[in-house]
Amino acid sequence: AAAASLSDLVPAPVSAQPAAGTTYTLPSGAGVFTEPGSAPAAGVGAYLAGILRRSTGYALPVSAAPAGTPASGISLLLTGADPTVGAQGYQLDVTAGAVVIRAQTPGGLFNGVQTLRQLLPAEIESATVRPGPWTVPGGRVVDYPRFAYRGAMLDVARHFHPPATVKQYIDRIALYKVNYLHLHLSDDQGWRIVVDAYPRLATYGGSTQVGGGAGGYYTKAQYQDIVAYAAQRYVTIVPEIDMPGHTNAALASYADLNCDGVAPSLYTGTAVGFSSLCTSKEATYTFVAGVLSELAAMTPGPYLHVGGDEASATSASQYATFMNRVQPLVTATGKSVMGWHQIGASAVQHSAGRVVQYWGLTTSDSLVTSAVSRGAKVVMSPANKAYIDMKYNAQTPIGLSWAGYIEVQTAYEWNPGTYLSGVPASAVLGVEAPMWTETIVTEDDIEYMAFPRLPAIAELGWSPWTTHSWDAFRARLGAQGPRWTIMGIGFYRSPQVPWS
Ligand SMILES: CC1=[NH+][C@H]2[C@@H](O1)O[C@H](CO)[C@@H](O)[C@@H]2O
């Protein structure tokens with residue numbers, strides 16, 4: 001097993017000090033020891049032990065850490081971390097006798113565990129027992145994220161992706177310290193979440209998808225199961241109900257939502273911009289309030305995403321009226337508004353804590369600067385950099401190309417903190433890599449498009465800009481390849497990367 005190195009990590013850490021000549025070798029009798037009295041820390045310990053048991057065959061019991069010097073084995077502690085680690089960071093110390101991860105929160109411990117995984121040989125990711133030895137290079141890592149929001153988006157509306165696929169994607173994004181998963185739950189082609197007050201949204205609006213397949217939807221139990229699975233991996237779900245455009249599935253399900261009272265047919269194509277809720281009807285706002293309140297009730301995260309993109313069938317004044325009425329419906333649930341950056345239209349009133357998600361092709365945008373001037377934060381998803389549904393190149397068998405081809409270097413070579421003129425780094429909440437699924441049907445499709453670009457976006461969200469270097473990153477990315485192969489990730493072997 002090729003030994004890993006502190007300089008191989010993705011995302012690059014704030015600091016990594018190797019201890020030359022020091023190596024920790026996991027003994028078969030090792031234990032995992034967690035902060036006494038912290039159930040979440042014990043949960044992270046169980047998560048780590050589950051991964052290590054599969055590939056080492058070791059028992060790796062999880063127990064409360066003894067007082068005093070950390071025992072030999074792996075300790076996950078909530079005391080003694082370097083104060084710079086903050087809420088999401090960690091300190092990892094590897095000596096010949098012990099591995100100790102310290103953090104201020106269980107989420108910080110979880111992020112330290114992702115780093116520890118990468119310091120073990122790639123075979124540690126095997127689902128079956130391998131011989132070892134299970135070495136970890138000695139040294140100290142002190143690490144914490146540049147941006148608080150590091151997201152991935154999965155469009156489950158164009159093609160429905162079952163809970164198992166969503167959970168697998170959560171496992172993959174957690175490898176790179178991504179901490180938000182935005183689920184695009186509704187669009188013209190499908191409605192994917194049960195709403196008790198409007199049952200036809202799922203049963204009828206969720207009955208098809210792009211290309212005419214059977215579609216599908218999440219029951220509330222399935223959605224809450226996904227939320228819980230994500231929470232165990234310190235990933236927060238951001239649900240999106242796109243409106244007033246991208247609403248054909250809802251309009252087809254309930255005639256009363258249409259201005260003319262006539263429900264359109266279900267739609268299985270890939271055009272955009274042709275649908276709109278009837279912004280002049282009271283029934284529309286009763287509908288939106290009902291949907292948002294049920295969604296908020298099963299979403300522990302801070303954001304409800306209201307979409308707002310490509311409302312071409314809605315006039316500018318109707319859009320402003322609609323968004324000015326809908327945003328208070330979100331905040332009334334206790335959540336903060338998130339939306340595509342079109343909600344920054346100057347005629348649309350802002351709401352406290354609002355987040356606009358930039359998906360444009362330019363490096364300046366008046367809607368974003370207008371929203372920021374009224375207190376909004378920005379999640380950066382420039383379509384020509386972060387849209388991982390774009391083809392890598394002309395030969396890529398799936399994906400779109402309207403925003404251009406996106407090879408790995410394109411996805412990596414931009415600075416989210418300075419990208420938009422007039423938007424200071426202090427207004428940038430983070431980054432997100434959207435994966436739209438007009439052409440993305442299977443788990444393999446998702447993984448082919450996400451790897452290796454998702455780790456690039458994840459690094460932009462986590463690592464200090466001072467570590468940013470394509471030559472260094474491509475080498476570190478190459479060292480991830482064997483890990484992905486062992487995990488069964490069918491990644492795109494970009495010619496830009498020296499795969500090891
Ligand atoms: C925010 C946004 N609206 C459009 C645009 O992104 O492009 C996507 C495809 O890349 C498409 O699926 C989506 O409906």
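Two strands count as paired when DSSP finds at least two bridges between them. Keep that idea in mind as we walk through this structure, which is a predicted model.

Strand 4, made of residues 73-77, pairs with strand 6, made of residues 98-102, in the parallel sense, and 5 bridges link the two. To see one of these links yourself, find Leu 76 and then look across to strand 6, where Ile 101 is its bridge partner.

Which order do its strands follow? In this open sheet of 7 strands the order is 1-7-5-6-4-2-3, and the pairing is mixed. Strand 1 (15-25) and strand 3 (62-64) are found at the edges; each has a single partner strand, so one side of each has no neighbour in the sheet. As you move from one strand to the next, the twist averages 20 degrees.

Over the chain, the secondary structure comes to 14 helices and 17 strands. How does the chain fill space? Along the principal axes, its C-alpha atoms fill a box of roughly 75 × 40 × 40 Å. A compact globule of 500 residues would have a radius of gyration near 23 Å, and because the chain has 23 Å, the two agree.

Next, let us visit the ligand. How many residues surround the ligand? There are 13, and the closest are Arg 158, Asp 309, Asp 389, Trp 402 and Glu 438.

For Asp 389, an N or O atom of the side chain is 2.7 Å from a ligand oxygen. Trp 402 also has a side-chain N or O atom 2.8 Å from an oxygen atom of the ligand, and a polar side-chain atom of Tyr 387 lies 2.8 Å from a ligand oxygen. How much of the ligand does the protein bury? Taken alone, the ligand exposes 350 Å², and the protein buries 97% of that.

Finally, take a look at a few details of the backbone in the loops. Gly 132 and Pro 133 are joined by a cis peptide bond, with omega about 0 degrees. You can find Pro 133 in the loop between helix 2 (106-119) and strand 7 (135-143). The peptide bond from Met 243 to Pro 244 is cis too, with omega near 0 degrees, and Pro 244 sits in the loop between strand 12 (236-240) and helix 6 (248-253). Lys 177 is not a glycine, although its phi is positive, at about 65 degrees. Look for Lys 177 in the loop between helix 3 (163-174) and strand 9 (180-184).

Note on methods
Residues numbered from 1 in each chain as written. Predicted model: local features only at pLDDT ≥ 70, side-chain atom pairs only at ≥ 80, totals over all residues. Heavy atoms only, no water. Near = heavy atom within 4 Å. Polar contact = N/O pair within 3.5 Å; in protein donor to acceptor, adjacent residues only side chain to side chain. Areas by Shrake-Rupley, 256 points an atom, 1.4 Å probe, with all protein chains shown as cover. Helix = DSSP H or I, 4+ residues; strand = E, 2+ residues; numbered from the N terminus. Axes fitted to C-alpha atoms, helices over the stretch in contact; angles between N-to-C directions. Rg over C-alpha atoms; globule rule 2.2 N^0.38 Å.
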